[in-house]
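Please examine the sequence and the structure shown here.

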Amino acid sequence: MKIGIVGAGAVGAACAMATLMRGCASELVLVNRARDRARGMATDMGYGAPLSSTARVTEGDYSDLAGAALIMITAGVNEKSGGATDRSDPLGRLRLLDRNAEIYRKVIPPITTAAPDAVLLVVTDPPDPLAYLTRELAGHERVLSTGTLLDSLRFRVHLGRRLRVAPTAIEAQVLGEHGTSQIFHWSAARVGGVPLPDALEQFGVMQGDDVRTTIENEVRYANITIIEGIGASQYGIGMVCARIAEIVLRDERTVVPIGAYNSKLGVTLSLPGLVGRDGCLQALEPPLSNDEHAGLKKCIETLRKVQERIR
Ligand SMILES: NC(=O)c1ccc[n+]([C@@H]2O[C@H](COP(=O)([O-])OP(=O)(O)OC[C@H]3O[C@@H](n4cnc5c(N)ncnc54)[C@H](O)[C@@H]3O)[C@@H](O)[C@H]2O)c1
């Protein structure tokens, strides 16, 4: 099956590489405003493709996306070039919204004309309001935001470091926005099925508000820590996008925290979502503590306001 990637910057390249290594597509098409860059990338990666089950890596125009089952959209301004790298700025990635909404108004129509049946995976920041806009522009429901899947992996990694346990044994999710108003679902975190407070006690790890705040800040501003080192957050999100593509293409019907439009709430946000061939098939409503409930309410208000601005 064919996967398209629109935007061959740092994130587009990482998405392409991870998709190639995962071997979940038979064909990969790269579309970029400056075609030379996409051509160079496709040529380079194409020489490694015989080591993967992806047979063809090409570059092209929007029309070459025809027949794609899923399209990752990474075109746009990133946090560094858009001035969204201040940890004390409550707007965070939302600062990029106006500029990237402008770009989405240009790129979504030709994408949907070329590939009307594709699942559209919005990666550009801020992905949740942009996925809301994409759904309006595309006129269908097969629109995902990478949402808080990456944040949830970061949460598991930081918890794993504290506990000295592999993150694969930890179940923990970040919900809401891929941004500063996100909610850490502490009340449902488990280690090998054991509730987190019990696991912390049994492992003899200190718990308390300071540990929570430290982990939340490490996760919430992980992008800025990465940018301070390598200029752009890219590899982790590339791996996340390849995994989402695999879930969709294989029609896995697995449940992951992912961004999708929620008709009950009227916003695009991340909740645990059942994902398959047509995108997010259903969102689950997890039980929340009072604090988490209040946090989610605030997050929904934030998303509603920004959605209104770009309608
Ligand atoms: N969802 C996530 O978790 C996540 C993680 C990391 C980065 N991001 C976001 O991904 C986006 C891409 O980041 P990057 O580091 O690859 O940036 P980059 O500057 O390296 O690449 C941006 C790409 O967008 C293209 N582009 C810009 N304006 C365009 C236009 N008008 N039409 C078509 N293409 C256009 C450029 O040609 C370039 O290929 C940013 O918004 C970044 O913040 C999201």
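Predicted model: local features only at pLDDT ≥ 70, side-chain atom pairs only at ≥ 80, totals over all residues.

Residues are numbered from 1 along each chain as its sequence is written.

- A residue is called buried if 20 or more other C-beta atoms lie within 10 Å of its own, exposed if 12 or fewer, and partly exposed in between, with C-beta atoms placed from the backbone.
- Beyond its neighbours within four places in sequence, Ala16 is in contact (C-beta atoms, placed from the backbone, within 7 Å) with Ile5, Leu28, Leu30, Met41 and Met45.

**Domains**
- The protein is divided into domain 1 (2-145) and domain 2 (148-310), with bounds from an automatic or database domain assignment.
- The centres of the two domains, taken over C-alpha atoms, are separated by 22 Å.
- Domain 1 supplies 41 residues to the contact and domain 2 supplies 35 residues.
- Among the elements that give two or more residues to the side of domain 1 that touches domain 2 are α1 (10-22), α3 (97-114) and α4 (127-138); helices (H or I, at least four residues) and strands (E, at least two) are DSSP runs, numbered from the N terminus.
- On that side of domain 1, α1 gives the most, with eight residues.

**Helix α4**
- Nine of the twelve residues of α4 are buried, so this helix is largely enclosed by the rest of the structure.
- The buried residues include Asp128, Tyr132 and Arg135.
- The buried residues of α4 pack against α3, β5, β6, β12 (254-262), β13 (267-276) and α10 (290-310).
- Just after α4, Gly139 takes a positive phi of about 75°.

**A three-stranded sheet**
- Three strands form an open sheet in the order β7-β10-β11, with antiparallel pairing; two strands pair if DSSP finds at least two bridges between them.
- The edge strands, β7 (170-171) and β11 (194-195), each pair on one side only.
- Two bridges join β7 to β10 (residues 190-191) in the antiparallel sense, and Ile170 stands opposite Val191 in β10.

Methods. Contact = placed C-beta atoms within 7 Å.
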